[in-house]
Amino acid sequence: MTTQIMRKLPYGVGEWGRGVRLVMSLALVIVGVGLFAYSRQLIEGEIVTGMRDIGTMGGVAWGLYVAFVVYFVGVSFAGITIAALIRLLSLERLRPVARMAEVLTIISLVLAALAIIADLGQPGRGIINLLSYARPQSPFFGTFTLVISAYLFASLVYLYLDGRRDAAICAQRPGRLQRLFRLWAAGYADTTEERVRHYHTAWWLALFILPLLVIAHSTLGMVFGIHPGRPGWYSALQAPSFVVLAGVSGVGLLIVIAAVLRKTLRLGQQLDIQVFRWLGNFLWVLTAAYLYFIVIDFLVANYGGGSREAAVFKELVSGSYAWLFWLTVSSFVLCFILMFGQFATRHYSISLVVIAGVLANVAAIGKRDVIVVPSQTHGNLLPYPPGAYTPTWVELAIIIGLFALGILLYVVFTKVFPIMEIHLGRNEAIPHGEDTRKRRKDGGMRKRMFILTLMAGVVLAVIGFSLVAPLGPTAHPMYSEPRVRFAPLIFVAGIITTFLSPVVYELFPDKREKN
Amino acid sequence: MAEVARRQKQRGPGREITRRDFLKKSGAAATLATAGLVAGSCVLAAKEPGTATGVKYAMVIDLDRCFGCRACMEACKVENNTPEGVFWMYVFRFEEGQYPNVRISYMPRPCMHCDNALCVKPCPVGARYKRADGLVATDWKRCIGCRYCQVACPYSVNYFNWVEPSKRQYLDWQASGATMRRVTNGAIPPYKNPDLDGVAKPERRSIAGGSHTKGVMGKCTFCVHRLEKGLLPACVANCPVDVYHFGNINDPESEVYKLVHSRPAWRLLEELGTRPSVYYIGGAPPTSELRQVEAVGWRKS
């Protein structure tokens, strides 16, 4: 490996300038306010929120928290998609935003998990009971095992493996972060075989994460889609439209983040218009698909004759949610027009793409609220009076605090690790003439260990899944009781071990040869 | 990068075999495991007791008799210590038509204890479960407070503990402690029904009552703690005009069986396929023509 030591860590890593410290302390203050709000909720109970019981109390049981759980999980779409596009379709143009997207995915999933905790009435009990009693019949099982565990862990593995080369490069330079870089690199030496090996693992990992992406976002849609008692929710469109809306918000937010980093880290050269062109085109295709879903949903509900669906939609179109509904729809339309216009004229401007990205997120947040709330207040099948919901300061403070926490984590990451892949000029080319026979020699043990880990993970997951509550009708208590306590924990451990196998494959030490 | 991509195609035969081998092995393992899983589920499903035998509780509500006094609501609140604004049993008071051609009707709404319970399906931890005797129970010691059952229930019978339910349950919350002691001579607050703390057979789970702690769900239990003692649910026992009939619907000699089979009976929102254990006789299902009068609410102050 060429030992060209950088004079400075790239992309502003390790430079805690005044602006950065200002942003961080501001974010910390907002996180503090959010924590205070949460302490009120913990002490007094969820009476401090605007939520109340559905029915005689005329409230909603799910409010802002759930809307933002869905939003944050949706945003996590970006990382995996970008990674998969780069790996599977060789879209090298998007390479500069790959790590940004990965970090966005991980942080948004952490925020989603925290939002779920904020929503639970018994948060401490929630974590333990989910690990010991979770039932696969509940759509939350998918949210809990596939989204929060598998998706998050797979993204972490992907980020980790993809960052090893840069960590190795940064580790050459002495400094405070050197130890972290060394730990991250874990002996990576940037040899040809290591690169080839990483290329293969990343390809396979992307291939396996892609279906996980569809399944994870679909289960989130199923959380709403399977209830015949909630007109407005009960729709087969729910799962696919959640996947698409996840894409809209994820790509939109990635555009905004890329633009912010481009300005603050002066990445004008690396993050050129081509990156934004690709992301923007991706955005309008997804927005168009989502607008199509909205229209279909609207037509079926209003013309199809389901009086209860029509009642909910009437409330959306001209009732108390009209302002939010039309804000959402017009944001979608505007976002689409902005991006499609640029596509049609083949003339792109970064600021217009960024505006489209912001609009996409306004629309996504609005749409999440419009999905979650009205079916509870105006979708009652018995003649209860219509309900109402206004979030209180506690809910708003917690949600804003979560956003601040996300920004804080993101800023910290950009300051301890390069947010883009490091290019060392010509050194990138793989040195020729390496002995290919040597590669084959050391491969045996590594592969065996890899397969062992993979099999262990799969077997654990299968065992765990067969020990949770049996699938079936709800007509008996046995369908609500796991066959073995903590079976869901075994399942989750299995999933995590499965995704650990590529790490084993890449990190397993070579046989020491004297050279 | 192009270099790497090219190399990928030049994988040697040894490499290829390993991968194929691996795929084969894992495929076989997955097939075996799935087969085992399916077989296991079938065996367990076969062991499920048929619904035609054993006790299965059901309630029959005679709407021709109900005159909307709401004594059942009061009895339920006293028996189960439910907080203010919470009505596990609720009696709708409806009017329809225009003056002077106005008609009044009433409809009690307990938990329907559905056989295909929409609230049991999505419970992530199995706190809400269906018992073999037909009761839909809530294990308040396992409930994590996600309120999923509440959004799933089409009858809106679930009530969440938004606050710690340690205050007086059925007297004015705003009154001071001294006033309360003077008015009640120190007798009533803070009254707690000791029967609600126990566990219920046969699962030995904490399902009686529901207003034990904040952050958990509660709903009508068909007074499972009374059933265990051989008593009728509080609403049934306290109705002054015998609107309610309660018993084992699997027993052809029981009153509920005879009523359901001798008079036209209907169930609420039957079109959803929930198969409730609560039958109505007399009257008719509510329509959109009905206006609710004297609805209860939630104290905003």
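**Entry 1**

I looked up burial first: 39% of the 301 residues of chain B count as buried. A residue is buried if 20 or more other C-beta atoms, placed from the backbone, lie within 10 Å of its own. The model is predicted, so I note its limits: local features need pLDDT of at least 70, side-chain atom pairs count only at pLDDT 80 or more, and totals for chains, interfaces and linings use all residues. Residues are numbered from 1 along each chain as its sequence is written, while chains are lettered from A and ligands numbered from 1 in the order in which they are written.

I then checked contact range in chain B. Among its contacts with a separation of 6 or more, 64% are accounted for by residues 24 or more positions apart. Two residues are in contact if their C-beta atoms, placed from the backbone, lie within 7 Å.

**Entry 2: elements and one sheet of chain B**

I find eight helices and 11 strands in chain B. These are DSSP runs numbered from the N terminus: helices are H or I with at least four residues, strands are E with at least two.

I followed one open sheet of chain B, with three strands in the order β3-β2-β11 and antiparallel pairing. Its edge strands, β3 (103-109) and β11 (291-292) of chain B, each pair on one side only. Two strands pair if DSSP finds at least two bridges between them; β2(B) and β11(B) have two bridges. I noted that B:Phe94 has B:Gln292 in β11(B) as its bridge partner.

**Entry 3: chain B against chain A**

I looked up the interface: 73 residues of chain B are in contact with 67 residues of chain A. On the chain B side, α1 (2-9), α2 (13-46), β2 (90-96), β4 (128-130), α4 (148-152) and β6 (159-160) each supply at least two residues. The most come from α2(B), with 13 residues. By class, I read 42 nonpolar (Ala, Val, Leu, Ile, Met, Phe, Trp, Tyr, Cys, Pro), 18 polar (the others, Gly among them) and 13 charged residues (Asp, Glu, Lys, Arg) on this side of chain B.

**Entry 4: two domains of chain A**

I took domain 1 (62-387) and domain 2 (444-510) of chain A from the domain assignment, whose bounds are automatic or from a database. Their C-alpha centres lie 26 Å apart. Each of the two domains gives 22 residues to the contact. On the domain 1 side, α5 (123-133), α6 (139-171) and α8 (192-225) of chain A give two or more residues. I see the largest share, eight residues, in α6(A). That side of domain 1 has 13 nonpolar, seven polar and two charged residues.

Note on methods: Buried ≥ 20, exposed ≤ 12 C-beta atoms within 10 Å, placed from the backbone.
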